[in-house]
Number of protein chains: 2
Amino acid sequence: MDNFQFYSPTEFIFGRDTETKAGEMVKKYGGTKVLIHYGSGSAVKSGLLDRVKASLDESGIAYTELGGVQPNPRDTLIYKGIELCRSEGVDFILSVGGGSCIDSSKAIALGVPYNGDFWDFYGTGKVVEKALPIGTVLTIAAAGSEGSGASVVTKEEGSLKRDVGSDLLRPRFSILNPELTCSLPAYQTACGATDIMAHVFERYFTNTREVEITDRLCEAVLLTMIKETPRVIAQPDNYEARANIMWAGTVAHNDIVGVGRSQDWNSHGIEHELSALYDCAHGAGLAVIMPAWMEFVYKHDVMRFAQMAVRIWGCQMNFEFPDETALEGIACFRSFLHSIGMPINFEQLGAKEEDIPVLVEKFGLGDGKTGGFVHLTSQDVATIYRIAANAGL
Amino acid sequence: MDNFQFYSPTEFIFGRDTETKAGEMVKKYGGTKVLIHYGSGSAVKSGLLDRVKASLDESGIAYTELGGVQPNPRDTLIYKGIELCRSEGVDFILSVGGGSCIDSSKAIALGVPYNGDFWDFYGTGKVVEKALPIGTVLTIAAAGSEGSGASVVTKEEGSLKRDVGSDLLRPRFSILNPELTCSLPAYQTACGATDIMAHVFERYFTNTREVEITDRLCEAVLLTMIKETPRVIAQPDNYEARANIMWAGTVAHNDIVGVGRSQDWNSHGIEHELSALYDCAHGAGLAVIMPAWMEFVYKHDVMRFAQMAVRIWGCQMNFEFPDETALEGIACFRSFLHSIGMPINFEQLGAKEEDIPVLVEKFGLGDGKTGGFVHLTSQDVATIYRIAANAGL
């Protein structure tokens, strides 16, 4: 096991009706003037925003608001948010929405006290030294942003999707009410589930040896997702299944299942170019990319893929030909994604094979290599896109 | 799933040589004058205490010290610690030791700013409103106190063992270096492992339905313990196995595997009377009590015990007679405990069957009932002690 630091100070308030505690929690963490940041009209239409406002009113917290966050959140709205916070004297950002909304909130949070362009921090490794505190009311189980210090944002000019990470961006509190996710359409639900599983797989495929505890914790989250996802696709109102997925989504990404081991993250990087170019859902892109990445890299550690196949997908170990077990596991993953309504190739995603050179160019690896499990070249990335383009069951 | 709050703000610094960061961490969390609280001579003899002091010196942190914490930490030393902190103006407590040392530190931490007897908080539900911040350098993987808000202390007069819990008692940081646990004798190592497993089982046996994510997380920790414990018994210096157990011990008790579900905790309560009366190791007492408790209660939810047997112990499900699978799982647990050198009955523990009325009396249930999974009466508790007294393989 590698040396590590683990720090997850977010206070999670989980369960039915918990959004009514928003005001109390903002107060507890010192907010006096809040920016409520939200996305589409669904938070408005469902009455959620009104309930959150009522809770703030009850606690005597002033607020202003900024809606309109889109999936793959854009820099343009973030600049607007930063200006608004400065002019209104906002000292706390309350995100009401899913991962995109939280990521946009984090960008605003680090941009407000920074004397320069917030984009300076994205994809550059520049260290965040100050940020407004944020809290979240989560409406989609997916990104894990409610418990992480990460933020991914898209620069409209050039469709660049880049990320930043800092403990200062971890939400002070996150309110998780599974009821809020019951109205999500099946497609978005499945996209979220795919993202959750991908967050675990990025950690599961490691070159660090003898990390049984985090292996088993990874498998715990994945087994839960395999059980609960088909249930919510069939019964969108199933509170218990929604609740299990929601907590799994947080555990998958606050790094408790990934500490002390090298992690990969190439599938996320390779996918980001798809969602940046085609504006498809991140989870849908991952459904196309991740099994393709697995097929390309599995020979690097056949026994690890066999472990996935046996422990997660319930395959029988083929002790004579472990490769076959490894490939069977990957096939199970792709079948599962198909069964919950995810695309599994470019055509189903709305991507084009002829764009691969553009995708690879945007990926920006040049002559370099990247990845924690297998170091990929630009040519490898192109091959993975090609496998993904043509995948079938 | 039940509504819950989850809050685990402790910063964990994990790995080789990490005790050299003690000074830096105390400084980060605002300590200026530290009480170093430790137990037996082993922290002194091993040179650990010197390394910690050197680290404090390097960061310019003043300190005083108080050693002598015993297993099942006593109120008498705690009163001494409180006086010392007050007279020396201590503002941060650094625990260098195992669970007993941390629990003693927490008692001092809440006692210093309290205008009364620290014992007022133990076993009474009285709410802690203020406490000195604490940090830990952990030397035994067992109690999970390094990541929890709980403290268990023994009042010498009357051998009363009682507990308290508060978020204010959660350590600001915990330094976990698995190397420090490599010198532990096999018996103490096994006691620690048993305690870790018991922390999970107390949460695993629940009446809350459909809590797959926490079920699976519980199983992840248990499967890890079953794999790694025999390895460290056979090879005390196996760093990787020690590391897996150490992180498992923290995950087992910061409640990430237990949120959103009713928990039991009767085995801990029933055991506490054994370690209070005989001064035996808590883990050894649990090895005797917990399988006995399981045998007494399993009919309350046969399928849950069958799940334990199949998922954790790898038993084949007997679909015709699930009871047999349930009992097989319990037998596997007891055999495992025996195989790692734990006592499995009163004689092996050094307890006496004729003391059972005294134990039940001290348990103090009277005509009441207790427990989150099965509500036990005093008579039930006596029966469990009797099963434990006479258990065999």
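## Report on a predicted two-chain model

Chain A contains 15 helices and eight strands, where helices (H or I, at least four residues) and strands (E, at least two) are DSSP runs numbered from the N terminus. The radius of gyration of chain A, taken over C-alpha atoms, is 20 Å, close to the 21 Å that the globule rule gives for 393 residues, so chain A is as compact as a globular protein of that length. The globule rule is 2.2 Å times the number of residues to the power 0.38. This is a predicted model, in which local features need pLDDT of at least 70 and side-chain atom pairs count only at pLDDT 80 or more, while totals for chains, interfaces and linings use all residues. Residues are numbered from 1 along each chain as its sequence is written, and chains are lettered from A and ligands numbered from 1 in the order in which they are written.

The C-alpha trace of chain A spans about 70 × 45 × 40 Å along its principal axes. Of its 393 residues, 57% are buried; a residue is buried if 20 or more other C-beta atoms, placed from the backbone, lie within 10 Å of its own, exposed if 12 or fewer, and partly exposed in between. Two residues are in contact if their C-beta atoms, placed from the backbone, lie within 7 Å. Among contacts in chain A between residues at least 6 apart in sequence, 78% join residues at least 24 apart.

### Domains of chain A

Chain A is divided into domain 1 (11-180) and domain 2 (186-389), with bounds that come from an automatic or database domain assignment. The centres of the two domains, taken over C-alpha atoms, are separated by 27 Å. In the contact between them, 19 residues of domain 1 of chain A meet 24 residues of domain 2 of chain A. Strand 1 and strand 7 (160-165) of chain A each supply at least two residues of the domain 1 side.

Strand 7 of chain A also pairs with strand 6 of chain A, in the antiparallel sense, over six bridges; two strands pair if DSSP finds at least two bridges between them. Within this pairing, Val153(A) stands opposite Arg162(A) in strand 7. Strand 6 (residues 150-155) is mostly covered, with five of its six residues buried. Four residues lie between the strands of this hairpin, and Gly158(A) takes a positive phi near 90° there.

### The meeting of the two chains

Chain A is superposed on chain B by a rotation of 180° with 0.0 Å of shift along its axis (RMSD 0.0 Å). That is the relation of a two-fold axis. The superposition is by least squares on the C-alpha atoms of residues with pLDDT of at least 70 in both copies. Pro9(A) comes closest to the rotation axis of the residues of chain A, at 1.9 Å (C-alpha).

Between the chains, 35 residues of chain A are in contact with 35 residues of chain B. Strand 1 (4-14), helix 7 (212-234) and helix 8 (239-251) of chain A each supply at least two residues of the chain A side. The table gives the classes of residue on two contact sides, with Ala, Val, Leu, Ile, Met, Phe, Trp, Tyr, Cys and Pro counted as nonpolar, Asp, Glu, Lys and Arg as charged, and the others, Gly among them, as polar.

| Side | Residues by class |
|---|---|
| Side of chain A that touches chain B | 17 nonpolar, eight polar and ten charged residues |
| Side of domain 1 of chain A that touches domain 2 of chain A | ten nonpolar, six polar and three charged residues |

Eight bridges join strand 1 of chain A to strand 1 of chain B, and these strands run antiparallel. Gln5(A) stands opposite Ile13(B) in this arrangement. Because 100% of the interface residues of chain A are also interface residues in chain B, the copies meet through the same surface.
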